[in-house]
Amino acid sequence: MNAKDKNKATKGVPLQILLVEDNEDDILIAKKAFKEIKLKNNLYIVRDGQEALDFIYHKGEYADKQKYPRPDLILLDINMPKVDGFQVLEQLKQDLEYMMIPVIMLTSSNNEADIARSYKAHAASYIQKPIGYEKFIKLITIFTNYWSAVNSPPQDNSQ
Amino acid sequence: MLRFKDFRNLRITVKFILWFLFIALVPLSIATYISYDSSRKVLEEEVANSLVAVADNKANQVMVYLREKEGNVTRLSHTSDIIEAIERYSEAFYNNGVNTPEYSSIDEGFRPFLTYYQKSFVYDELFLISFSGDVVFSINERPDARSLYEIALYENSELAKVFIRTKKSLKTEISDFEYYPETKKAALFISAPVFKGADLIGAVALQMNNQELCELVKDYTGLGETGETVIASRMGDEVVFITPVRFDPHAAFERKISINSEEGIYIQNAVQGKRGLGTFVDYRGQGVLTVWRYLPLFRWGMVVKMDTDEIFASAHRLRNTLLIISLTLSMVVVVMAILIARSVSSPIRELTKVSGTIAYGDLTARATIDTKDEIGELARSFNQMTDSLVEAKANVERKKAELEEQKKLLEIVNRELDSFVYTASHDLRAPLRGIEAFSGFLEKDYADKIDDEGKKYLSRIRSGISRMSRLIDDLLTLSRISRVKNPFEDVNMNDLVSSIIERIEFDIKEHKVELKIAKDMPVVHCDRIKMGEVFLNLINNAVKFSSKNKDINPKVGVGCMDKGDSYEFYVKDNGIGIDKKYHKDIFGMFKRLHKQEEYEGTGAGLSIVKRVIDDHQGQIWVESEPGKGSTFHFTIPKQQVQKKKLGEILIEDGTISKEELNKALRKQEKEEDIS
């Protein structure tokens, strides 16, 4: 199983990435950025926390497991309507099935309390959205490479 | 000794007592002394006069007494009975002898007359003495005791001496006193010549004692309680009292004084024929005023004297009376002084007590003195003053409360402003991020579709974006500086500055700046992160501006001086310098002195620095001249007085509880972080 995972990127299996973001600008930028990076990836986008949970648990319109696979990495905005990023994070980390999926908190705030809360809830990392597209490209390159190639996420038991 | 300075510091009561005593006793003492002294003088003079009078009078009396006796004897000697008696007794004495019938028959004839005479004139004895000096008759002695008389005559008895004198002078003579120890009687003889025609046939002698003289002397009229008269006679080298003295009944012929001895000078003077007046100490050791006289007729000295104690008794009484009056007066004066001092000092003491109470913060205390005098006035104006004080204090309290209110309001507004700045700049980031990204896509991906004019506009947009991005970052830093309080810790400033230098090493190398950091900077109790911001901004500025002075090699220095209560740090450059008129403005928010094109930066740096220094209760200022470089100085107190946060003040005031505050803060933080 480990060998299969390790070869995911090299074999050309795209990294399944879920972006939870309500800001259309940021979505557009992220889409372009994930297109531009060398790593093969499929970027799924949901607009709020509730949708994110639906996507992960295959509820409602995301019932199709083939169309909406289990994500390898979640980029999670904190401030969102309905269910916010912390709630999503805390929900996932309580769930034995999904707790191993690395979650990178994505926010425009660099509030220390938010950072602390994120790590406390076992977020994998915390990225402050920078002004400057180039910086953003650099950041996501580092993170996706890190989580896919260098330190492959441990395989979930069900798979 | 009580010095003036000490007197000034005495309590009012003591001062009053001393003054009153001074005023009362000084004139009284002077009056006492003068009246005592003058009365003493008057008394002395009066007594001396009266003593002189007594003395003269006594001398006269003695003389009259003895003259009378002398006259009596003279007259007796002229009587035919006596002439005949001497003739007949002598005849019988020489021709027949004493114990013969012839002598007895003569004796029988004359004795009654002679005895009568002796008795009636109170003499002790009557002698008839023959021309040759034999006692031919005596009243008490038997005539057969003739041999005894002979012996007596030749033994230099006073009788013999006076007879010899009489025989020589042919006049009546008086002998000195002679004392018979066996009979304890004094004897004095008066002898008168007896003539038959012109021939001296013998003498008649009468013996008298000092009884009557004593009576005379014992008359103390005019001599008071202690006055006395002393009569003394010189016997050889001694002065012998011949009358008893008032305080020694046995003095006569017992008390003797050697001539030229120390005692009884006045008596010695008197018997040596002098007269005078003076004060001496007598045989009893008492001070006496004496008057002395010489009685030439009898070669006696007479002294009349009186104790000075008695003389001055009335003066002493006067003095004692005055002393008692002084003492009583002193007591009265002391009591009065205490009463008066109390009446003055007790209201003052009350005022002091009241003002003490007021000083301890009880402004309801009031003086309760309602007299109409100056002290009452003082009390009233004191009360008025206290009223004004209460009013003023109320005013101050009101103003203080108002100020406190305003301060709270201001702090809340400041906090709101900080949080607004934070939120606003935060919110500004999101759209800016989009603008940056999309303008970048345009520039990169659509380069072939946009003409040169369009590209120029795009590049203007890009530079506007990067400037705005920096502005927002600085705004965030600034609001974070105010919002975030890091715990104070002991920070080694050398380490801190080194870590800052590492962060900007690239710039320093690029501008070829010569950097000089003092090696002995202290450890300071401060907020490490914020203090880092201070050095970062100051060193950054110094590097930036020194490198712009193109004529010289850029140099930047960092150091510290110990100023006792605080440390003074400096960051020095040799850059373009700052005109004096901007020295205050540069610490204001977003104050730029240069055009955007000349120097990068938003101008927030120095206001961040100032905020941090303010937070550390330090001061910051700049010394600079255009073209000569700038030196930024700032101080950090060694002892940080922890400023209370608004919340703590609110809790202390009881405005809100701790729970409420925490709730409010959490709520506020949540609102801030919505972006």
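**Terms and the values behind them**

Reply: B:Val122 lies in the loop between helix H4 (101-120) and strand E1 (125-130) of chain B. Helices (H or I, at least four residues) and strands (E, at least two) are DSSP runs, numbered from the N terminus. This is a predicted model, in which local features need pLDDT of at least 70, side-chain atom pairs count only at pLDDT 80 or more, and totals for chains, interfaces and linings use all residues. Residues are numbered from 1 along each chain as its sequence is written, while chains are lettered from A and ligands numbered from 1 in the order in which they are written.

Me: Why is B:Val122 called exposed?

Reply: A residue is exposed if 12 or fewer other C-beta atoms, placed from the backbone, lie within 10 Å of its own, buried if 20 or more do, and partly exposed in between. B:Val122 has 12 C-beta neighbours inside 10 Å and therefore counts as exposed.

Me: Why does A:His122 count as partly exposed?

Reply: A:His122 has 15 C-beta neighbours inside that distance, so it falls in the partly exposed class. A:His122 is placed in the loop between helix H5 (112-120) and strand E5 (125-128) of chain A.

Me: What makes helix H16 (residues 605-615) of chain B mostly covered?

Reply: Eight of its eleven residues are buried, among them B:Leu606 and B:Ile608.
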